[in-house]
Amino acid sequence: MHSDNHRLLHACRAAELQRDAVEFALARTAQRRRTGWTVIELRRRAGWTMIELGLRLTQTGPAPARAARAA
């Protein structure tokens, strides 16, 4: 492909992606203003909170050493 054609196609695709990003950002801000938290956002937030709690519980330190039992 000729370099000028490649640059032109890249510029067109970049403009499309930027337009989509702006539309997505506008849609998210409009949605938040209208309804507050969505169910998906609440599920995601609860999931990450559970992951964070699990990581904190696993990082409490080594378990205390126990004495060996005689058979």
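The accessible surface of this protein chain comes to about 7,200 Å². Of that surface, 61% belongs to carbon and sulfur atoms. Keep in mind that this is a predicted model.

What share of the residues is buried? Of the 71 residues in the chain, buried ones make up 3%.

Now the fold. The chain has two helices and zero strands. Helix α1 covers residues 3-35. Helix α2 covers residues 39-58.

Let's look at helix α2. W48 sits there. Is W48 buried or exposed? W48 counts as exposed, because its relative accessibility is 58% and the cut-off for exposed is over 50%. Together with I51 and L55, W48 forms a nonpolar patch on the surface. The three share about 350 Å² of accessible area.

Next, charges. Side chains of opposite charge can pair when their charged atoms come close. How many salt bridges does the structure hold? Four.

Take R13 and E16. Their side chains meet in a salt bridge, at 3.4 Å from N to O. These two residues are three apart in helix α1, so about one helical turn separates them. R13 is partly exposed at 45%, and E16 is partly exposed at 35%.

R19 and D20 also pair, at 3.5 Å. R19 is partly exposed, with 47% relative accessibility. D20 is partly exposed too, with 36%.

R56 is exposed at 57%, while E52 is partly exposed at 41%. Finally, salt bridges with shared partners join R19, D20 and E23 into one network.

Technical notes:
Residues numbered from 1 in each chain as written. Predicted model: local features only at pLDDT ≥ 70, side-chain atom pairs only at ≥ 80, totals over all residues. Heavy atoms only, no water. Patch = residues over 30% accessible without salt bridge, like charges linked within 9 Å, V, L, I, M, F, W, Y side chains within 5 Å. Areas by Shrake-Rupley, 256 points an atom, 1.4 Å probe, with all protein chains shown as cover. Helix = DSSP H or I, 4+ residues; strand = E, 2+ residues; numbered from the N terminus. Buried < 20%, exposed > 50% of the residue type's maximum accessible area, 1.4 Å probe, protein only.
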